Amino acid sequence: MNLFTERVIQIITGIPPGHVMSYGQVAAAAGSPRGARQVVRVLHSMSENYELPWHRIINAQGEISYTAKDQRGLLEAEGIVFKDNGKVDFAKYRWFPLDAEEG
């Protein structure tokens, strides 16, 4: 497994319930600011094996991109409230991995 993939898995695993990150944000935090599509690949191919909280990853507009599973329901069960336009309020729910390290 390459270093970027390892970092993506670590970052996604570290997102606490009730918070979200965007694909691009995960990619940048993992060291590849233009690697959002690779984050999608990791989620698609490794979510089950690594028990990744895939539902906590949304697009940069605050919207759900993957609708085949009940992503919205999973996020709402964690306390995330969607705006009337169906978007997540990044100002309230966005997770920054460094916050966890800073305490």
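Hi everyone, let's start just after helix 3, where Glu51 takes a positive phi of about 50 degrees. Helices here are DSSP runs of H or I with at least four residues, and strands are runs of E with at least two, numbered from the N terminus. Please keep in mind that this is a predicted model, where local features need pLDDT of at least 70, side-chain atom pairs count only at pLDDT 80 or more, and totals for chains, interfaces and linings use all residues. Residues are numbered from 1 along each chain as its sequence is written, and side-chain values use heavy atoms, with hydrogens and water left out.

Now to helix 3 itself, residues 36-50. Centred on His44 is a kink of about 40 degrees; the bend is the angle between axes fitted to the seven residues ending there and the seven starting there. Val39, Val42, Leu43, Met46 and Ser47 are buried in this helix, meaning under 20% relative accessible area with a 1.4 Å probe, protein chains only. What do the buried residues of helix 3 pack against? Their partners are helix 1 (3-13), helix 2 (23-29) and strand 2 (57-58).

On to helix 1. Its buried residues are Phe4, Thr5, Val8, Ile9, Ile11 and Ile12. They cover an arc of only 165 degrees around the axis, so they sit on the same side of helix 1; the arc is taken from the directions from the helix axis to the C-beta atoms.

Finally, look at Thr5, whose relative accessible area is 2%. Beyond its neighbours within four places in sequence, Thr5 is in contact (heavy atoms within 4.5 Å) with Arg41, Val42 and Met46.

Conventions:
Buried means under 20% relative accessible area, exposed over 50%, partly exposed in between (1.4 Å probe, protein chains only).
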